Amino acid sequence: MVTVQTAGTFARYKGGGLFRAIDGSGWLFAELPAQPPVRDAGGKADLIKAARPILTIMDGLAGLVPTVTVGGRRFAKNFYRRMKILAIATPEPFLPSPTLDPANRVRLARENPHASEHDRFTAVGVKLFAAGGGHGFWAKAADFIDSMAVDNDPASTPDTVFDADREVIQQIFDDAGCAPIGRHQADRMLAWWVTDRSPEVVRVMTEPEHMHVFPSNEACATAEEFKRLHIPCDEWADHIDGSYTMTMVTLGATSFMGTSETDPSAAWAAQLLAARRGGGTGVIALSVDGLVEPGEVSRAQVDKDKEDVIEKTMKQMQDSHKANLKVAQELTQADQEYQSRERAWPTLIEGRVHAAVGHRVLNAKSLGFPGDVKLNPDRQDSVFQDMMIGSTIQYNPSPVFWPAPILAFAGLSGRSVAGEDMGRGDKSDIPGALVGFSEADRIPVYSSPFAAAAFHTAPGFLILGRTGSGKTRTALHIASQWALLHSPAELAKDPDHPERAPRIPGVFLDPKPKSSDFGPFVEHMHGTQIMLDSPDAEGILDPLRVFPDDMASDAMDTAVEMLGQVTGGQFEDRARQLALYSIIGYGRRHGADCTGEAVYRAWRARHDGAPDANDVDPLVDAIFPQLSRLAKNNRLFRLVYATRHGGRRLAIGQGLTLLSAGTANIIADKTDAAPSDIQRWVVRMAALGSAAAVAGRDGYLVIDEAWSLLGDQFGVQVCNRMGRIARDQHYMFLLASQKVDEFNNAGLQDFIGRGILHGFGSKNEMSGRGSQVDAALELFNQTDNDRMRARLAEDPFTNPETHAPNWASLYPCRDPRSGRLLRGSIGYYIGLDGSAIPVEININNSLL
């Protein structure tokens, strides 16, 4: 039988976290702290931090129970506090961050028309006692009687009767670090199944083994018509946006001893609430409702039950029956657990735990819950209503008796939040690129080029991963969006007209010869392209040209270092350096605007016997002909050694500039030969020149294959220089590489504030070399993150012959037959707070 009904009418929100139920009772709710998800915790310390809020709340509620000297445990239950936890992960249409300007919001909406994000948060509530507020047993007994009167006469009870108890419970919430409930959250809690971004109570359709939910009543009416026409319900979602099938399940007893908090199965709630696309179960909402019992009472009760059951078991075993043997064993384990702690954990008793799974469930074991699961055929509606705040319907086929750690370490409140823009328009949000969506919770992740300046952190961003892992496209994906942002300083001049502000400048340096042709994509993003293999690029990277006038000393120092290494090798002596200063300095004073011209003017002065020729070191007589022949025969050298006055300069306008090697091979082998030195200097000058071009403009520099910059001490100095001055000069840099050791050896850790780690696969790990995965984890201080270590080493295919995708890996997953992209590449986003969150990189289609 199919029924259509209105739901979600058991309570209304009164503000300040207070909900009033239709029976007159009051509930105070707060939001649990949005801890990093326990599935991706960096270590045991993170797990304990995530567990602390629930442990604090349950300890606080247990402490409110008076010592009962009459009536025993049954009477004492009247004073236990009823707690409800409602964890929500409702899918809703993606909405670009309000922190972005209108043009970028429109662009992201156009590029992601079918994307959804999860409205993910967890609320905890306590049923309030009316009036009272006194201490001691008899005062609390009076409060209980008053509360019973409120329930019996809901219409005549004002909110103020709960004020005293609200104050007590609010203090417990504050001690646990909870946040107030906002209006949007309250609306979502009352209509958590609705996919509209402004949730209102909407009708649902109930079938014997599942339900159908809709974004609006009109959509529900459409579904009713589909049902009348005998259209299979599996096809409805293809025609009704925002509708989905939902299965209401009940979670029952788990092993009492549970598992270690570091065991993945302990994070059962995190696994249930994670998106199916991210390897989770895809639960929309999870409700936990029960009484909080002081641990000492639970300890005494377990001990009593154990003795009773063991006595019966022994008698049955004498009669060759073993009906109570398993129960006796479990109670013995429970007793050992409670006795092992000096102060026993509070316990959730008579607990009702329900989950709304966002798809049809045919097999209870498929949910991955480490305990009993009931699929509730013909009782879907009962479970649905029992999950509501203030519900007068209670359905409990599997009551649970859970000590606090089973809830605290379950990952109920974990949110996969990363980046510098939470997408809510908060004051702390700063605009950035949409990297993608967190794998577990489908929360948008934005990365900002302004983070270092805004939060006074290290300016470097590092993307690491094996060749083919997607790091280059990730870097270009981010860089192309940064190029569409406006300088905060310029926006501040005319905040009402952001479209008038210039876009920030950015350079993407691609040193790979004959690499993927990103030119069309850059043009699509309204950028420009400079090819280093083009004849008109000669001299564009000359040290005396790439630095602005206010960096004249940097230009001189760099030119001396370059010619010193080219003419004297890596370890040239100090006398050669001093000689080069005299040569290049003379040329500059006499009007030279490039290094080759400066050397020529100095040589000419000595050759012609100029009055000030003695200012030039005689070394010029030897190096001028050498450098001239080298420039004539080596086109790479002509990029960094210009000989003609007034040549082309590296001009970087607003937006993105692709600086590509083209067909030129500028990546050096690990040798000290002269050709390798020239290749290294081309890469260095491209990096230095690009950094100088975007400095002071809130710009950025992206360097692919950045390991090529770290081939010797000069390259290491370049990177360290950027790390020291980038933030003060108002620019940031992003480095992408498949090699990790070079960054650790160069000592760049202090200059790297953020990063993304892609997959490395097992090949590097089995090659006999040092582990690149371990090196990457060390670089980002993630050495205790075992799950991260395992995923970084996963290979892209479960079967290399059939190319069956490995969903546990971080590599893109494609249908082996059609080639259709099933899931984008995953990158661990390491944020400014040091957390590592798996993110599905949302690559622009024109870049794929």
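These notes go from the sheet to the helices to the salt bridges.

**Ground rules.** I am reading a predicted model, where local features need pLDDT of at least 70, side-chain atom pairs count only at pLDDT 80 or more, and totals for chains, interfaces and linings use all residues. Residues are numbered from 1 along each chain as its sequence is written, and side-chain values use heavy atoms, without hydrogens and water.

**Sheet.** I looked up the strand order and found an open sheet of 11 strands, β15-β14-β28-β27-β22-β16-β21-β20-β17-β19-β18, with mixed pairing. Strands are DSSP E runs of at least two residues, helices H or I runs of at least four; pairing takes at least two DSSP bridges. β15 (444–447) and β18 (528–531) are the edges; each has a single partner strand, so one side of each lacks a neighbour in the sheet. I then checked β16 (residues 460–464) and β22 (residues 752–757): they run parallel, joined by 5 bridges. G460 has I752 as its bridge partner in β22.

**Salt bridges.** My criterion is a side-chain nitrogen of Lys or Arg within 4 Å of a carboxyl oxygen of Asp or Glu. By this rule I get 39 salt bridges. I picked D119 and R188, at 3.0 Å, N to O. D119 sits in β6 (residues 116–127) and R188 in α6 (residues 183–190), so the pair ties together parts 69 residues apart in sequence. Both D119 and R188 are buried (under 20% relative accessible area; exposed is over 50%, partly exposed in between; 1.4 Å probe, protein chains only). I also noted a salt-bridge network linking R82, K84, D289, R352 and D386.
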